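I opened the notebook with the coordinates on screen.

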Amino acid sequence: MNTATPPIKFGVCGLGRIGAQHCQFFSEDRERYQPVAFCDVDADRARETAAKYHGRPYVDFAEFLADPDMELAIIATRSLDHARHAEQALAAGKIVLLEKPIGVTEKDYDILQRLDREYAGKLYCGQNHRFEPAFQNALAIIREGVLGRVYSIKLTKHHIFMRRSDWQSRLDCGGGQLSVWGPHLLDQALQLLDGSPVRDVWSCLRRVLAAGDADDHARILLKAESGAVAEIEISNSVALPSPYCVIYGERGALMYGQDQKEIRLRHLAPGFQWGEATASTGTPPAAEVWHEGADKLPWIEETRPVTPDVNMWDYVEIELARHLFDAIRKGIPFPVKNPDALEVVRLTEIVKKQNAQFNWVE
Ligand SMILES: NC(=O)c1ccc[n+]([C@@H]2O[C@H](COP(=O)([O-])OP(=O)(O)OC[C@H]3O[C@@H](n4cnc5c(N)ncnc54)[C@H](O)[C@@H]3O)[C@@H](O)[C@H]2O)c1
């Protein structure tokens with residue numbers, strides 16, 4: 001690839017589980033990115049990561065932001081720091097890729113709305129699971145039209161059954177599945193609702209196994225203006241996982257599992273049209289067929305492999321880096337639009353209010 005444009009010199013702040021992923025995948029994309037700065041309050045982490053990627057280590061965020069070489073600051077610190085860190089980095093003149101959840105509090109939501117207005121084209125929201133191949137394949141199938149009008153969407157992230165005891169299980173640290181996987185599934189649900197504004201939200205959050213006080217089982221129902229409903233379940237606490245995605249349309253359905261390897265489809269043949277029918281008030285015959293039932297219909301059943309056949313976790317990072325470069329250097333719109341990412345924060349705030357049994361950080 002010849003990008004004919006200089007690589008983006010980037011830095012990462014927060015060199016933990018996801019920060020390390022960003023360091024790796026952005027650095028490996030050598031024609032697009034050049035690593036220059038690495039910041040973590042853990043000085044050993046900063047030094048070791050900087051040595052690995054031949055950049056400069058920082059323990060102080062302000063000094064990191066003052067690095068004159070760094071054009072892009074990737075913020076991968078703890079969730080409660082995201083909005084404030086993005087604000088500081090933008091004020092320092094950097095382009096910012098902000099890890100999800102982009103905001104955890106109502107105050108964060110206000111800050112982010114202002115940043116989006118004041119720093120047009122500088123703030124990017126890193127909701128990387130938008131780029132899951134299975135999700136993108138499902139979107140493409142819906143757009144083919146074979147399912148007809150979609151009226152019901154179920155997205156389920158069932159992690160392995162586990163008791164979590166890190167900071168992500170504590171509300172005072174910004175933890176809980178609403179913040180951990182909520183942004184990914186809310187983002188995917190909004191895409192599947194196809195831009196129809198969400199009018200109603202119902203939710204129920206629980207702590208089942210987590211060692212801390214945060215939610216580890218979340219159910220959220222969104223009803224869009226179109227009438228379509230998206231149901232989300234995220235859990236660390238189910239012993240038998242459900243499929244990841246089930247979508248019902250007026251002409252068919254699709255589903256794929258937590259492994260996201262293949263999509264099962266069952267839909268009516270494209271040429272099939274229901275004939276005229278009126279509903280009767282009479283009693284149906286006892287021994288005859290009294291409905292236009294499933295067995296008489298021209299079904300097409302398929303199992304499509306998810307393409308590309310890749311490691312999903314790596315791929316979402318590779319795609320995040322590629323799309324971000326295209327946005328910054330080529331002006332191609334970044335797929336995760338800020339109003340969509342802000343809508344996720346708005347919905348999260350509604351869910352928090354509906355679940356006042358939790359001691360949310362204000
Ligand atoms: N998009 C994704 O797929 C994805 C995956 C995992 C985590 N995340 C999000 O990324 C964030 C980080 O999660 P994680 O699992 O990597 O956490 P982590 O605890 O593994 O890493 C956080 C790192 O930030 C450092 N840090 C904390 N405060 C800092 C500060 N003020 N300045 C500099 N460094 C600081 C810590 O020392 C640690 O190294 C969370 O908000 C999480 O929700 C996103």
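This is a predicted model: local features need pLDDT of at least 70, side-chain atom pairs count only at pLDDT 80 or more; totals for chains, interfaces and linings use all residues.

Numbering starts from 1 along each chain as its sequence is written.

**Sheet.** I counted seven bridges between β9 (217-224) and β10 (229-235), which run antiparallel. Strands here are DSSP E runs of at least two residues, helices H or I runs of at least four, numbered from the N terminus. Strands pair if DSSP finds at least two bridges between them. The open sheet has eight strands in the order β8-β9-β10-β7-β11-β12-β13-β14, with mixed pairing. β8 (198-206) and β14 (299-305) stand at the edges with a single partner each, so one side of each has no neighbour in the sheet.

**Domains.** I found domain 1 at 8-129 + 315-336 and domain 2 at 131-274 + 291-310 + 346-354; the bounds come from an automatic or database assignment. I looked up the contacts: 15 residues of domain 1 meet 14 of domain 2 (C-beta atoms, placed from the backbone, within 7 Å). On the domain 1 side, α5 (106-118) and α9 (312-330) give two or more residues. The largest share, four residues, is from α9.

**Ligand.** I found 23 residues around the ligand, with Gly14, Gly16, Arg17, Ile18 and Ser79 closest (C-beta, placed from the backbone, within 6 Å). Helix α1 (17-28) gives the most to this shell, three residues.

Note on methods. Two residues are in contact if their C-beta atoms, placed from the backbone, lie within 7 Å.
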